[in-house]
Structures are given as structure tokens and as C-alpha cells.
Amino acid sequence: MRLSDVMGHAGLSIYAEIALVIFLGVFAAIVIRLVTSKRSEMERRARMPFDEAEPKHDPTVKESDHA
Amino acid sequence: MNEQLESFRYDDAIVRKFLVATFVWGLVGMTVGLIIALQLANPSFNFGLQWTSFGRLRPLHTNAVIFAFAGNAFFCGAYYSTQRLLKARMFSDLLSSLHFWGWQLIIVGAAITLPLGLTQAKEYAELEWPIDIAIAVVWVIFAVNFFGTIARRRERHLYVAIWFYIASIVAVAMLHIFNNLSIPAGPFKSYSIYAGVQDAFMQWWYGHNAVAFVLTTPFLGLMYYFMPKAAERPVYSYRLSILHFWTLVFMYIWAGPHHLHYTALPEWASTLGMIFSVMLWMPSWGGMVNGLLTLRGAWNKVVEDPVLKFFVVAVTAYGMSTFEGPMLSVKSVNALAHYTDWIIAHVHTGALGWNGFLTFGMIYWLMPRVFQAKLYSKKLAEAHFWFATFGMLLYVAAIYSAGLTQGLMWRAFDQTGRLQYPDFIETTMKLIPMYWVRALGGSIYIVGVLLCGYNILRTWMARPKTYEEPVFQAPALARRTPAAAPGTIAAGDPTDLWARFTSVQWHRKWEGLPVTFTVMTVLAVVVASLFEIIPTFLIRSNVPTIASVKPYTPLELAGRDIYVREGCFNCHSQMVRPLRHETERFGEYSKPGEFVYDHPFLWGSRRIGPDLAREGGKYSDIWHLRHMEDPRSITPRSIMPAYPHLLTQRLDMKEIQDHVDAMAMIGVPYGDAVNSAPALAKEQAAGIAATLAEMGAPKNLEDREIVALIAYLQRLGTDIKKPGLTLGEATSGDGR
């Protein structure tokens, strides 16, 4: 008996329905988590592109990374 | 607080390189697009050369704009934003450099091999195996450099743009490897290890997700960084961005089969693709809304800032094409739109609008920063915006009209119940004026790109003698994520799990753990892929065998290779859908079992010319010869390129043996032909050449390529017409 015979009799076409349920479950979990998350934390994250390192030069600090 | 400040510099030289490459390849790719647009309006633009015919240049256009233009744009923006968001220089300057030059070399390789007809015949994956290996190596270099930078970051949290970059990197690697698995049959020739239905499934799993993970997620990452920066406002909703990310990453993978509605694909897979495609509309619009609302309170800036103008149109185009995509995936709409220019219009709304406008907006924002000089001309940038907008609208309006016209004409029946336009050429002729308008729209868009090029050149010329490389400082990253603020989650609290779940902690932890985060992303993509792919590959009843379907003869295989080389599949499908107007026009609808020896499948995705699935036996050999030599001598207004070189170029018998051997290696039962392919090919060729000579063709054509192509075309779709085959045998278990 070949693997494809086994798979053929395994009724895998239900995969689609199972996957849909998994997706909806994960989706619902993410939505709930997002709706209940703290606004201040989210706002802090959203500001990250503006929270860049400042250009400074202080010869006393340790230099690394090709500096 | 015991923080060790570290100093570092950003590598903007690599950003400058990718920026220039984006422009150069964008211009090249779009110019090739203009040439092929003109070829459809008038075939004389094929220039009578085999290397510049539509079938060979079309993949060059798509590859250039997707991987060279959009690819370089992604790298340009990613190298700039990643360093800033992670507060670290790229992991290795050497890897950055290898990535840049490796990628450009691959593009040059594509620009040489595609016009030479070296192709795998899979859309957006045409490049042959040596270049595929090079792509994999360069991608790994990029990935090591990117993840190395993440490892050396000085910012714990990964901003949403970085998630999109991670998803793009891992998904593209997976898609590229699995869709390109093939057996080499020569230095630049290979056969897909998959055949027929499975190859089609794999290709459109790849093809659709190439759109997702090359043209969508990377650009969403760019949008989430550059749009807030340009608007000087944080993204409207970070919550929405998390939702946008996970739903998109999980759902996109499922949607591929919508490219194969009404084909020989199993019904359940097709329906699944449709459902997930419709669901994709929601997260996509979530992203669009998030992008547009980022401009809240900043709309006055849009009036005066060309960067924001570009971004607004880009996000709007994203919204339009992500509404249209789900709509086109609905089977009844797809029945009308598939194989028509409607799909081309849809693609160009996304490519010219979303990718193009976002890229140019980003370039204008980056220029003064990376060239360290004032933008040469804001007025020119404004002019570029209006040229691009007008050009794009003209392009898509013409091609939407062409698509609808074509689809409606194909399915029109007259009062007696017969096809109203039985001659395919009638439906083509109606489109010619729209093809000219499309070429005009594209030209206007390119004029805008040239203005951008001039702006880049003049801004670059105003650069300082030596680029300043400021030193930045940031504290080194603490080894662990800081604990939750006291009191937010009480230890031992029975509601602890729920509290943790509803707090932001778990996702923050993921984001603080790039490896875990990447694994979760890979899981989302892999699980979805496996759920679709495993059943398609392993349920034998999905692809019932048909006893009368046999492998191509060595000569037919050689003809098929010529068909592939000339890119005939770019204009001719080989898939009759089970729709009445199609069976009336082309013949019996296609069955999955007919393609079991098709490595690769050649169903096509577009009908610029008629379907060829049942071409065998429709016309005489001499008709094919005359038609290939000069299509307009047979069909006066045909827009097909001429292929006179097929009558002069000789067949390579040694190559035929190599190709048969490679096919046998992937399981095609060639039997004795494995040892005697040239002899068998010569014998069949002599027969066809004799028939041709009797009908007035030149003598001694038996060793010319045209004979092999005729052998292949005359074989197409004939296997199920053989006597002794019962219809039940041909159709059982095909999922219909």
C-alpha cells in the first residue's frame, strides 16, 4: 500500500474546514487581546519610528559597531 | 539605571546604492513593459527578432518590475528603516555589499537569459536553475545580515515594520525553494519535479504569494515606517497593525487556488482559495484605513508635500486592488475575468499605484537624507506625481475596458444559440484601440519616472564632497525583557493567565524574542501551506489517470521545449474550462488526468490568442508551418509575432536525449526512448517533413525546429480522443 493510498482514505478534504476553524480561533484570540490591551502601551509602540537614537559624539563613551 | 551607552554609525551608503538601482531597474522594467504594450497594439514592434518577441520580453518585464524595481525598493527602504528602528548598524558591511552586487548580478543574468528563451515557464519564476540557486544564496546573505542586525539591536521591541520584513524574508525563501524544485537537463534547462495539476497548484501557491510577500508585506513594512515619518504622526492604530499583520500572514497563503478556478483543479481547493481570498479583503482594508488615518490632522500637508501625495495614492491603490482581488476570486466574477485583460488592469493598479507610488514617495523622502543635499526640485517631484497619476489612470481605464470587452465577447451567444464571435481574432481586433491608449498611459507614467531620475541626478550632484557619518548613541540592550510593572499582574492570581493574555505582555515578549516571533510567522505560513498542499499531492483521486494519456514522444518533447522557449504560454492557455462558451469555442473541457506528464504545466494565465488545449488535429501541418512563418499570411490582422527562425534553426539531437533522460528521471515512463530518443525523433520528423513537402513546403525540413513544434501542437489534446476511451474513465474522480 502506498502513502498516497493511505492519505486518499484518510478523508483529508475535511482539512479545509479544520483550517478555517483554526484560523477563526486565532483571529478571535488576537482581536480579544488587542481590544483589551493597554492604550498607553500601544501608543508608545506606535511612536517607535520617532524614538530614534540621537546623533551625539562623546569621545569618553565606548565605541563599537564600526564607529 | 546601569546602562552602558554605545556609539554606532548607520550605513547609508548601501541605501544610496539600492536607491539608484531601484530607479535604474524601474526605468528598464517599465520601458520593456512599454515595448510589449506596443507589440500588442502593432506586431511590428517585435522587430522581427526572436530575442525581442513578446513571449520572451514579457517575462523580462514582469521579473524586472517585481524583483529588480520592487525588490531593490524593498531593500533600499528596509536597510534604511531597520537600522533606525533597531538602533544598530547593519550586521555586516560585507554582507550588505554582497547582497547588493549579488542581486544586481542576478538581474543582469535574468536580462540576458530571458530574451535568449531560457525559461522554466512558470510565471514570476521563469529564471532557470543556476540563477535560482544564486537567488537562494543571495537571499540567505540578506537574511543573515538582517537577523544578525536584529541580534545586535539596541531596541528590545520590534516595530511592526520589522515584522513585515521578517515575514517577507522567511516566506519568500520557502516559496522560492519549493516552487523551483526541478531536475536539470542542461546548463540552462530544467524540468519541474511536479506535473500538471500539482505543478499548477504549486506555481500559483508561489505566484499568488510572490504578490503577497514581494509586493505586499515588504511594502506594508515600508508604509508603516515611512508614512508616519513623512506625516510626522505615529501610525493611526498600532492594534490594527498587529491584526493586519497576523491575519495577512496567515490568510494570504490560502488564496493561491483562486488563480485556477474552473480549471482541472479539485473543486474543494478552488472553493477554499475563494473563501480565504474574500476574507483577505478585511485585513487589507484594515491596513489601508490604518495608512490613510495616519494622516489625521495632517491633510493640509498633503497639499504641499509631494511625498505625502505619493503615499496617499499608493495606499488608495492598495485599497482598490485589495478589494478587487477578493472580488475577482469569486468564481462567477472569475469566469468572466480570467484569461482577459481585466487581470492585467488589476495587477497594474497594484503595481503602478501601490508599489510604484509608495516607492517614489519613499525615494523623494529619502533623497535629501541619504544624499545629504536639498531635493533638487520639489516642482519636478510634483510634476512626476501628476504624470504618474494621469498615466496610471489612462492605463488602467483602457485595460479595464479591454478586459470587460474581451470577456463579454468570448461568452456572447446569438439568438440561435451559437457563439456570436466565433473567430477569436474578432475579439482581439476590438481591443487594439485600447492597447494604444494603454501604451500612451504607460508612456506618460515613464515620463514621470524620467523626471524622478533627473531629480535624483541633480540632488546627487549637490551632495557634499564627503558624506557625513554622524555617530549615534543608544544604551546596550539589557539581556532580559524588563518585568511587568508591579501590580499589573499579581503573582499567584488565578486570573493570571487571562490577565497576561489580555495585557500586552505576551505579544511584547514575542516581539522581544525575534526567533520565537519568526518561528510563529513561519508556522502561520507553513501550516496554511500544508493544509492545502498535502491533500492535493497525496489524494490520488484528485488526479485520476487516463489510460490513453501517454508521454510526449521525444520529438514532441523537443517541440514542447521550443514552445516554452518562445514563451507561447504567455499568450495561449492550454486549459478549456467547463463553461459552455469555452467548450463551444475550443472543444471538450480539460481533465486533470490529461496533464500527468506535463513538466511543467502550461495552462497559462492569459489569452491574447486562442486556447490550444485541443489544438491537435484542428489544422494541417502546412497550416502550422505557414502560420508560424508569417501569422498574417493566414490571419491578416493577427498580432502574433512571426517565427521564421524555426524554419532555419536545426534541432539538437543530443539535447533531445538529455531532455528525455531528465524527464525519465522524474518518473515519466519513457521506456525504450530513454536509449534511443534521437532515432525516434528523427523517424517522426522525417514523416512530418515528408507530409509538409507533399503540401508544398520546402524539402529537407526534418532536422528543423518547426517540425518538432508542429509535432507537439498536433499532439495537444488528442489523447482523450483516442478510440476505446470511455468518458467515465476520463472524468471520474476529478472533483466535479
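Which residues of β3(B) are buried on one side and on the other? In this predicted model, B:K189 and B:Y191 are buried on one side of the strand, and B:S190 and B:S192 are buried on the other, so that both faces of β3(B) are covered. The partner of this strand is β2(B), and the two pair in the antiparallel sense over four bridges. A hairpin of two residues joins β2(B) to β3(B). Within the pair, B:S190 of β3(B) has B:P184 opposite.

The residues concerned are B:I656, B:H659, B:V660, B:A662 and B:M663. They cover an arc of only 160 degrees around the axis, and therefore lie on the same side of α23(B). The length of the helix can be checked as well. Helix α23 of chain B runs over residues 653–665, and its 13 residues, at 1.5 Å a residue, should span 18 Å; the C-alpha atoms at its ends are 19 Å apart, which agrees. After α23(B) comes B:G667, with a positive phi near 100 degrees.

The next stop is a pair of helices. In chain B, helix α2 (residues 54–86) packs against helix α3 (residues 93–113) at an angle of about 170 degrees, and their axes are 10 Å apart. An angle over 145 degrees counts as roughly antiparallel, and α2(B) and α3(B) are therefore roughly antiparallel to each other. On the α2(B) side, the residues that meet α3(B) are B:L60, B:N63, B:A68, B:G71 and B:Y79; on the α3(B) side they are B:S96, B:W103, B:I107, B:A110 and B:A111.

Most residues other than glycine have a negative phi, and most peptide bonds are trans. B:K87, in the loop between α2 and α3 of chain B, is not a glycine, yet its phi is positive, about 55 degrees. B:F47 lies in the loop between α1 (13–41) and α2 of chain B, and its phi is also positive, near 60 degrees. Are these two residues buried or exposed? B:K87 has 22 other C-beta atoms within 10 Å and is therefore buried. B:F47 has 13 other C-beta atoms within 10 Å and is therefore partly exposed. A further backbone feature concerns a peptide bond: the one from B:H599 to B:P600 is cis, with omega near -5 degrees. B:P600 is placed in the loop between α20 (580–586) and α21 (621–629) of chain B.

Chain A remains. Its secondary structure comes to three helices and one strand, in the pattern α-α-α-β along the sequence. Of the 67 residues in chain A, 15% are buried. The strand of chain A joins strands of chain B in an open sheet of three, in the order β1(A)-β4(B)-β1(B), with antiparallel pairing. β1 (54–55) of chain A and β1 (5–8) of chain B stand at the edges, each with a single partner strand, so one side of each has no neighbour in the sheet. Between β1(A) and strand β4 (residues 472–475) of chain B, the antiparallel pairing runs over two bridges. A:E54 has B:Q473 as its bridge partner in β4(B).

How values were computed: Residues are numbered from 1 along each chain as its sequence is written. Chains are lettered from A and ligands numbered from 1 in the order in which they are written. This is a predicted model: local features need pLDDT of at least 70, side-chain atom pairs count only at pLDDT 80 or more; totals for chains, interfaces and linings use all residues. Two strands pair if DSSP finds at least two bridges between them. The expected span of a helix is 1.5 Å times one less than its number of residues. A residue is buried if 20 or more other C-beta atoms lie within 10 Å of its own, exposed if 12 or fewer, and partly exposed in between; C-beta atoms are placed from the backbone. The arc is that of the directions from the helix axis to the C-beta atoms. Axes are lines fitted to C-alpha atoms, for helices over the stretch in contact, and angles run from 0 to 180 degrees between N-to-C directions. Angles under 35 degrees count as roughly parallel, over 145 as roughly antiparallel, 65 to 115 as roughly perpendicular and the rest as oblique. Two residues are in contact if their C-beta atoms, placed from the backbone, lie within 7 Å.
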